[in-house]
Amino acid sequence: MAYTDDTLLDIYDRTSGYCHICGRKLAFTNYAKPGKRGAWEVEHSVARANGGTERLNNLYPACIPCNREKRDGSTRAARSRNGRTRAPLSREKRATAKTRNALAGGAAGAVIGGRFFGPAGALIGGLIGAAVGKSAKVE
Ligand SMILES: [Zn+2]
């Protein structure tokens, strides 16, 4: 199956350019270039042999060793061999998660700051909480 650059970008962006199985960083320009740094392939989450489709929701970027090793095995099993339960987030979902963390952190910080230091404490606590929430690791 040959993919257009547009499709490849959509697939690559699904995980912000990380292998959906082991989480290794992939290099977009090294698509289907075994041996190159960050080389990757399109991986069918449900293998074609098992009735998997060519639709975007079944396609993920994977480093070549992961793709070859998985073959027609399940995505869940392949990820769990790498200690993972889900694919890395897309850029969009990553941004949403960061915002959510910042809001949650800000709210928690405001409550704590307000309780101990009054309104000024709430403001400062909110800012600190938001910063902490925003910098929380999003995977
Ligand atoms: Zn991998």
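Which residue forms a salt bridge with D13, and how far apart are the closest N and O atoms?

A: This is a predicted model, in which local features need pLDDT of at least 70 and side-chain atom pairs count only at pLDDT 80 or more, while totals for chains, interfaces and linings use all residues. Residues are numbered from 1 along each chain as its sequence is written, and side-chain values use heavy atoms, with hydrogens and water left out.

The partner of D13 is R91, and the closest N and O atoms of this salt bridge are 3.1 Å apart; the term stands for a side-chain nitrogen of Lys or Arg within 4 Å of a carboxyl oxygen of Asp or Glu. The pair links distant parts of the chain, since D13 lies in helix α1 (residues 5-13) and R91 in helix α4 (residues 91-135), 78 residues apart. Helices (H or I, at least four residues) and strands (E, at least two) are DSSP runs numbered from the N terminus. D13 is partly exposed at 28% relative accessibility, whereas R91, at 53%, is exposed; here buried means under 20% relative accessible area, exposed over 50%, and partly exposed in between, with a 1.4 Å probe and protein chains only.

By the salt-bridge rule the count comes to 5. Among them is the pair of E41 and R68, whose closest N and O atoms are 2.4 Å apart. This pair also links distant parts of the chain, E41 being in strand β1 (residues 40-44) and R68 in helix α2 (residues 64-70), 27 residues apart. E41 is buried, with a relative accessible area of 12%, while R68 is partly exposed at 49%. A further salt bridge joins the side chains of E54 and R48, at 3.7 Å from N to O, and E54 is partly exposed, with a relative accessible area of 30%.

Turning to the metal, the zinc ion is coordinated at 2.3 Å by the SG atoms of C19, C22, C63 and C66, where donors are N, O and S atoms within 2.8 Å of the metal (3.2 Å for Na, K and Ca) and, water not being among the atoms, sites may look incomplete. Along the chain these donors follow the spacing C-x2-C-x40-C-x2-C. The angles among the 4 donor atoms run from 101 to 117 degrees, and the site is therefore tetrahedral, a label given to four donors if all angles lie between 85 and 135 degrees. C19 is buried at 0% relative accessibility, and C22 is likewise buried, with a relative accessible area of 16%.

Key
Tetrahedral: all angles 85-135°; square planar, octahedral: opposite > 155°, others 65-115°.
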